[in-house]
Amino acid sequence: MQSWAALSSACGQCQRCGLASSRQQVVLGRGNPEAPLLLIGEAPGQQEDEQGLPFVGRSGQLLDRLLEEAGFNLSHDLYICNVVKCRPPGNRKPTREERQQCRPWLDQQIALVNPRVIVLAGATAIEALLGIKGGITKLRGQWQGGEQRWLLPVFHPAYLLRFGSEAEQSPRWFTRQDLKTARERALAPPPCSLPPP
Ligand code: URA
């Protein structure tokens, strides 16, 4: 797949798994497809399925606020997508089979965006990209990878909805800090390749 147009058209007609029969729309992504940072969530919910955009429901509103508070320009600094592009009925977790069938679309998105930093929001994205199951409380905020591309696990915004507190050391506070760090690394100027004078 060489272009966003080709990816969007092919993915929009996808019938690889059972989710195709219950979806209203395929939810590919939003934001700047040339951004230095890609944020990956789990799967669309009801609002996302209706609007065709990721993270537009309650958890998306919280995510956008935390991103803005961390200094992000939402239309320039990042691109947002999910591991699975169609809504699982009743917002259940996507199955392994659904994740596997959907994986080529995610891989093509990663290749096209080619971000310096990938933020993994929640357990499904962490498992998909890092192969690590569970343990998010320890993993969040710990950089993975390196050189060409860095990955940063963070709490999923739906989890943050369960905790209203914004106090220091609260899950929302940690997430805002993690997003700030991710933005700094993604937007940092590339190291100078010229030899010192
Ligand atoms: N949760 C996700 O992981 N993705 C969305 O797009 C919405 C809610």
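This is a predicted model: local features need pLDDT of at least 70, side-chain atom pairs count only at pLDDT 80 or more; totals for chains, interfaces and linings use all residues.
**Ground rules.** I number residues from 1 along each chain as its sequence is written, and side-chain values use heavy atoms, with hydrogens and water left out. Local features need pLDDT of at least 70 and side-chain atom pairs count only at pLDDT 80 or more, while totals for chains, interfaces and linings use all residues.

**Entry 1: the ligand's surroundings.** I looked up which residues surround the ligand. They are Gly41, Glu42, Ala43, Glu48, Pro54, Phe55, Ser59, Asn82 and His156 (each has a heavy atom within 4 Å of the ligand). By class, this shell has three nonpolar, four polar and two charged residues. Here Ala, Val, Leu, Ile, Met, Phe, Trp, Tyr, Cys and Pro count as nonpolar, Asp, Glu, Lys and Arg as charged, and the others, Gly among them, as polar.

**Entry 2: polar contacts.** I then checked N or O atom pairs within 3.5 Å. A backbone N or O atom of Glu42 lies 2.7 Å from a ligand oxygen. A polar backbone atom of Phe55 is 2.8 Å from an oxygen atom of the ligand. His156 uses its side chain: one N or O atom there is 2.8 Å from a ligand oxygen. Taken alone, the ligand exposes 230 Å², and the protein buries 92% of that (Shrake-Rupley method, 1.4 Å probe).

**Entry 3: the sheet.** I traced an open sheet of six strands, with mixed pairing and the order β1-β3-β2-β4-β6-β5. Strands are DSSP runs of E, at least two residues, numbered from the N terminus; two of them pair if DSSP finds at least two bridges between them. Which strands are at the edges? They are β1 (30–31) and β5 (144–146), and each pairs on one side only.

**Entry 4: strand by strand.** β1 runs antiparallel to β3 (residues 78–82), with two bridges joining them. Gly31 has Tyr79 as its bridge partner in β3. β4 (residues 117–121) and β6 (residues 149–154) run parallel, joined by five bridges. There Val119 is partnered by Leu152 in β6.

**Entry 5: the hairpin.** β5 and β6 pair in the antiparallel sense over three bridges. Gln144 stands opposite Leu151 in β6. Two residues lie between the strands of this hairpin. In the turn, Glu147 has a positive phi of about 60°.

Notes. A polar contact is a pair of N or O atoms within 3.5 Å; within protein, one must be able to donate a hydrogen and the other to accept it, and residues adjacent in sequence count only if both atoms are side-chain atoms. Helices (H or I, at least four residues) and strands (E, at least two) are DSSP runs, numbered from the N terminus.
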